[in-house]
Amino acid sequence: MNDLSPMGATCAAPLPEVSREAIAALFELPFLDLVAQAHAVHIRHHPRNAVQLSTLLSIKTGGCAEDCGYCSQSAFAKSGVKAEKLIDADTVVAAAREAKAGGSSRFCMGAAWREPKVRDMPALLDMVRRVKALGLETCMTLGMLSGDQADALAEAGLDYYNHNIDTSPDYYDRVITTRSFQDRLDTLDHVRRAGMAVCCGGILGMGETREDRIAFLHALAALPEPPDSVPLNALVPIPGTVLGDMLADTPLARIDEIEFVRTVAAARITMPHSVVRLSAGRESMSEAGQALCFMAGANSIFTGDRLLTTSNKGGDADAALFAKLGLAPSS
Ligand code: SAM
Ligand code: DTB
Ligand code: SF4
């Protein structure tokens, strides 16, 4: 028996490759059985009642050459987000200090780039070294990376690299056309080879089907190694983006909270060792919905009052929710 068995029994041996059919069967379980199974897997592999806190900072906003249909920072979007230059390292370090004081253990720096340019690398490496020196875990998301860039970032002390596959291989082309699914896999390979931890997930509620959600989780679990960290975002529908506008016209496409929890649970069971991060979209999720996500195996969030270009339910709201649920921040 393995963690995909209906009883969720313990198995000390390595997990067998998870098939699409097995993930589909999880989605078909009665909701309470699925959440109970996911919780059993969760507490076997992770500390109970503990949620890791990360803080995001946009270090280079807007004007991105990619056409990701969900993103306010794409040059193709009419979101009103203006293109800015890479911010200076002192500003980054000040924000990281504040994040640490607010209880975050990881600081994630995001740039609206297709990929970093050679001339940007010295400043990026300086940021990594200085944030790391504060005693924080470091994470960056800068678009595609070459093998050499990944090696240089790892050498400077970058712990995690976030690069999402975003959705199923089949639905991918409906969302992004300027870089391929394979491009993403290539960058993930460079990150893993450089020795950094891989943070890779995607977005739910972009009009994809349940079959796409199953294929998305299957693609993550079938990577050469499952990601160390899996961010699950609910689409934040931003006016002026293709998907934000599409959702405004068809509100029913928005991800149902119960289906979101099912996806968290299926992620937990198929990737038992990974940290599952409840990421963008938390602001429009009820407290009860978030509590169910934690029950189903989510054990990380973005705190603070901002994501990249949108606001976040962080700070006091998170502290109040943690107190209500008896959760503690973990490292
Ligand atoms: N430019 C880099 C890249 O795309 O790899 C890094 C930044 S990008 C904003 C990081 C991730 O944020 C995307 O891959 C996507 O999964 C998520 N994201 C962006 N906009 C979002 C939105 N409106 N709603 C939910 N998630 C979003
Ligand atoms: C991820 O998967 N979600 C974060 C992080 N990785 C970089 C970004 C969410 C962005 C939400 C939309 C915005 O604020 O622009
Ligand atoms: Fe650019 Fe990243 Fe936004 Fe895509 S998600 S448009 S790559 S900033």
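Visitor: How many nonpolar, polar and charged residues does the shell around ligand 1 have, by class?

Guide: The classes work like this: Ala, Val, Leu, Ile, Met, Phe, Trp, Tyr, Cys and Pro count as nonpolar, Asp, Glu, Lys and Arg as charged, and the others, Gly among them, as polar. Here, the shell around ligand 1 has ten nonpolar, five polar and two charged residues. This is a predicted model, in which local features need pLDDT of at least 70, side-chain atom pairs count only at pLDDT 80 or more, and totals for chains, interfaces and linings use all residues. Side-chain values use heavy atoms, without hydrogens and water, residues are numbered from 1 along each chain as its sequence is written, and chains are lettered from A and ligands numbered from 1 in the order in which they are written.

Visitor: Which residues come nearest to ligand 1?

Guide: A residue is near a molecule if one of its heavy atoms lies within 4 Å of it. Of the 17 residues around ligand 1, the nearest are Thr 141, Asn 164, Asp 166, Arg 179 and Val 236.

Visitor: Which polar side-chain atom lies 3.1 Å from an oxygen atom of ligand 1?

Guide: A polar contact with a ligand is a pair of N or O atoms within 3.5 Å. The atom you ask about belongs to Arg 179. Val 236 uses a backbone N or O atom, 3.0 Å from a nitrogen atom of ligand 1. The protein covers 90% of the 550 Å² of accessible area that ligand 1 has on its own (Shrake-Rupley method, 1.4 Å probe).

Visitor: And how does ligand 2 compare in its polar contacts?

Guide: An oxygen atom of ligand 2 is 2.6 Å from a side-chain N or O atom of Thr 309, and a polar side-chain atom of Asn 233 lies 2.8 Å from an oxygen atom of ligand 2. Asn 162 places a polar side-chain atom 3.0 Å from a nitrogen atom of this ligand. The shell around ligand 2 has six nonpolar, seven polar and no charged residues.

Visitor: How many disulfides does the structure hold?

Guide: A disulfide is a pair of cysteine sulfur atoms within 2.5 Å. The structure holds zero.

Note on methods
Polar contact = N/O pair within 3.5 Å; in protein donor to acceptor, adjacent residues only side chain to side chain.
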